[in-house]
Amino acid sequence: DQPFLVHGKTDVFFNPDSIYITSLFTYWQKEFWETVMFYRNKFSESIINIGGIYVSLFFENSEFQKKCRELNLTPIAKIVSFVAFGNKSPAICCVKN
């Protein structure tokens with residue numbers, strides 16, 4: 001199946017097996033976590049992988065790792081975001097296998 005790419009909190013009309021969320025800057029971490037919670041609440045059984053500059057910079061932070069465990073997220077360090085500059089909404093890729 002083809003990946004479905006969206007920005008921010010967008011309704012997806014299928015149940016994805018995997019969701020990839022990326023962030024560009026650390027000062028948008030509030031919007032990043034709001035987006036993560038939106039998809040975690042909507043798709044509680046989906047695998048959610050997170051990456052981007054914010055995740056890479058905070059990857060070893062104990063509070064960050066704790067939050068990832070609590071939300072059942074897989075953080076991936078050193079994955080660069082492909083979001084256009086100026087768009088504070090995280091990029092979301094939903095994949096149905």
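**View 1. Lysine 9 reaches glutamate 34 in a salt bridge.** In this predicted model, the two side chains meet at 3.7 Å, N to O; a salt bridge here is a side-chain nitrogen of Lys or Arg within 4 Å of a carboxyl oxygen of Asp or Glu. The partners come from distant parts of the chain, 25 residues apart: lysine 9 belongs to the loop between β1 (4–7) and β2, and glutamate 34 to helix α1 (residues 29–42). Helices (H or I, at least four residues) and strands (E, at least two) are DSSP runs, numbered from the N terminus. Lysine 9 is partly exposed at a relative accessible area of 45%, and glutamate 34 is partly exposed too, at 33%. For these labels, buried means under 20% relative accessible area, exposed over 50%, and partly exposed in between (1.4 Å probe, protein chains only).

**View 2. Glutamate 34 also pairs with lysine 30.** This salt bridge spans 3.0 Å, N to O. Both residues sit in helix α1, four residues apart, or about one turn of the helix. Lysine 30 counts as exposed, with 55% relative accessibility. Through shared partners, salt bridges tie Lys9, Lys30 and Glu34 into one network.

**View 3. Lysine 42 meets aspartate 11.** Here the side chains form a salt bridge at 3.4 Å, N to O. Again distant parts of the chain are linked: lysine 42 is in helix α1 and aspartate 11 in the loop between β1 and β2, 31 residues apart. Lysine 42 is partly exposed at 37%, and so is aspartate 11 at 43%. The structure holds three salt bridges.

**View 4. Strand β3 pairs with β2 and with β4.** Strands count as paired if DSSP finds at least two bridges between them. Strand β2 (residues 18–23) runs parallel to β3, and six bridges join them. Across that pairing, isoleucine 21 stands opposite isoleucine 50 in β3. Strand β4 (residues 73–75) is also parallel to β3, joined to it by three bridges. There, asparagine 49 has threonine 74 of β4 as its bridge partner. Strand β3 itself (residues 47–52) is mostly covered, with five of its six residues buried.

View 5. Along the sequence they follow the pattern β-β-α-β-α-α-β-β. Of the 97 residues, 42% are buried. Among contacts (heavy atoms within 4.5 Å) with a separation of 6 or more, 78% involve residues 24 or more positions apart. The protein exposes about 5,900 Å², with carbon and sulfur atoms supplying 56% of it; accessible areas come from the Shrake-Rupley method with a 1.4 Å probe, and for residues only the protein chains shown count as cover.

**Notes on the views.** Residues are numbered from 1 along each chain as its sequence is written, and side-chain values use heavy atoms, with hydrogens and water left out. Because the model is predicted, local features need pLDDT of at least 70 and side-chain atom pairs count only at pLDDT 80 or more, while totals for chains, interfaces and linings use all residues.
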